[in-house]
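Let me put the model up, and then I'll walk you through a few parts of it.

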Amino acid sequence: MLLVYRLPIKTIVSLVAITTFCYVRPSVQYTHARDSACVRQSPRKTPVYKYPSQINCQVTEFAGTKMEAPYSEKLRSEFLQVLRSRRCGEVPLCVELGKPVTNPMYQETPRPLFSKAGEQGRLPVLILSLKEENNVRRPAIVFLHSTNKCKEWLRPLLEAYASRGYVAVAIDSRYHGERANKFTAYQEALISSWKKGDTMPFIFDTVWDLIKLADYLTTQRKDIDPSKLGITGESLGGMHAWFGAFADTRYSVVVPIIGVQGFRWAVDNDKWQARVDSIKPVFEEACIDLGKKKIDKEVVEKVWNRIAPGLASQFDSPYTVPTIFPRPLLIVNGAEDPRCPIAGLKTPLLATEKAYKDAQCPEKFKLVVQEGIGHQMTPFMVKEASDWLDKFLK
């Protein structure tokens with residue numbers, strides 16, 4: 001079920017709910033849509049380097065280095081089989097009106113008020129757009145939130161994109177926002193996935209929702225150009241954008257922000273700690289179950305294999321990021337990000353660059369790394385993402 005929310009003004013906000021997982025709602029307007037978040041200039045001397053000129057890399061050979069269409073489709077098909085493996089069955093796309101959220105769910109301090117929903121089979125969707133009289137189809141941008149946040153947290157960015165002519169879309173990822181019924185909903189879902197192996201709340205289940213969201217946006221929205229559907233997100237949202245674009249080629253322009261990383265590389269090079277710390281309770285539980293005194297690489301690998309099968313192997317970044325070609329892809333990271341170490345991106349970046357060169361469209365792939373920045377989305381990153389989306393969607 002897709003739940004969509006909309007409100008009336010110069011900007012229309014839709015709140016939707018889709019069943020598989022979503023909501024739909026009337027238009028909402030905003031008298032003062034802000035676009036500063038997307039157009040704000042970075043400081044004059046923000047140190048940035050762009051791949052590959054300032055990254056020294058060595059090519060590592062691995063299966064599927066040459067990204068041809070048959071290989072990409074085979075890998076995508078295997079991934080969709082994994083997504084379907086823990087579902088009872090598919091249901092027809094169903095969209096219904098939803099109510100605006102007055103107390104969004106933030107699973108972090110200060111403790112928020114709780115939602116009454118918590119259903120994972122309905123996908124709450126927030127849509128903002130300018131109120132137009134001419135019924136022109138416009139490009140759409142899906143923006144995905146980070147861990148413990150929700151779609152309402154992205155509202156200033158959605159308003160900014162909507163004010164510039166986009167249909168701006170955000171969802172609550174699994175066990176977040178309206179889909180969380182308690183402060184610890186997401187962490188408990190991860191632990192349950194480890195214990196039972198019946199769900200995939202880390203990345204994969206939300207990717208399934210993004211496929212259903214694309215169904216809705218491209219077939220049931222008369223205000224959206226189905227050929228111009230961009231996707232971006234921060235941190236966990238960046239991972240959702242990466243895997244969503246891998247799974248569904250209808251996402252035509254892709255901008256993961258501080259999300260792309262090498263899960264296998266992190267395990268092999270003992271750089272997994274920062275990523276593990278972001279969802280530590282599930283690893284602590286696994287540590288106990290495995291009879292370990294502390295979390296180590298064996299625990300990390302077993303948890304990834306259990307809650308997101310293939311994440312640190314066949315669906316890791318060296319294999320899935322290159323399959324996004326020939327669609328425009330911008331990867332934005334911080335040079336000091338411990339959760340997405342730049343060193344762990346050498347192999348996937350080289351493979352991706354090669355895929356775009358082989359497809360004769362090298363200009364459609366770029367990595368921007370902001371020096372001196374850790375795991376943080378900065379105004380500079382937002383501006384880079386905005387420029388990239390404008391370049392290929394408008």
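Predicted model: local features only at pLDDT ≥ 70, side-chain atom pairs only at ≥ 80, totals over all residues.

One definition before anything else: buried means under 20% relative accessible area, exposed means over 50%, and partly exposed is in between, with a 1.4 Å probe and protein chains only. Numbering runs from 1 along each chain as its sequence is written, and side-chain values use heavy atoms, with hydrogens and water left out.

Let's start with strand S7, residues 167–171. Helices (H or I, at least four residues) and strands (E, at least two) are DSSP runs, numbered from the N terminus. Five of the five residues in S7 are buried, so the strand is largely enclosed by the rest of the structure. In general, side chains in a regular strand alternate between the two faces of the sheet. Here, Val167, Val169 and Ile171 sit on one side of S7, Ala168 and Ala170 on the other, and all are buried.

What does S7 pair with? Two strands pair if DSSP finds at least two bridges between them. Strand S5 (residues 123–130) pairs with S7 in the antiparallel sense over four bridges, and Leu126 stands opposite Ala170. Strand S6 (residues 138–144) runs parallel to S7, joined by three bridges, with Ala140 partnered to Val167. S6, helix H3 (residues 155–163) and S7 form a right-handed β-α-β unit. Right-handed here means that, with the strands pointing away from the viewer, the path from the first strand over the helix to the second runs clockwise.

In the loop between S6 and H3 you'll find Asn148. Its phi is near 75°, positive in a residue other than glycine, and Asn148 counts as buried at 15% relative accessibility. Ile258 also has a positive phi, about 40°, without being a glycine. Ile258 is in the loop between strand S9 (253–257) and helix H7 (263–268), and it's buried at 0% relative accessible area.

Next stop, strand S11 (residues 365–370): five of its six residues are buried, so it is largely enclosed too. S11 pairs in the parallel sense with strand S10 (residues 329–334) over six bridges, and Leu330 stands opposite Lys366. The peptide bond from Phe325 to Pro326 is cis, with omega near 0°.

So what about the cores? A nonpolar core is a set of buried Ala, Val, Leu, Ile, Met, Phe, Trp, Tyr and Cys residues joined through side-chain atoms within 4.5 Å. The largest one has 81 residues, and Phe202 and Trp304 touch the most other members. Helix H5 (residues 204–219) gives that core its largest share, nine residues. Apart from it lies another core of 28 residues, including Phe143, Leu157, Val332 and Ala385.

Finally, the whole protein: 13 helices and 11 strands, with buried residues making up 61% of the 394. A contact means heavy atoms within 4.5 Å. Among contacts between residues at least 6 apart in sequence, 75% join residues at least 24 apart. That's my tour, thanks.
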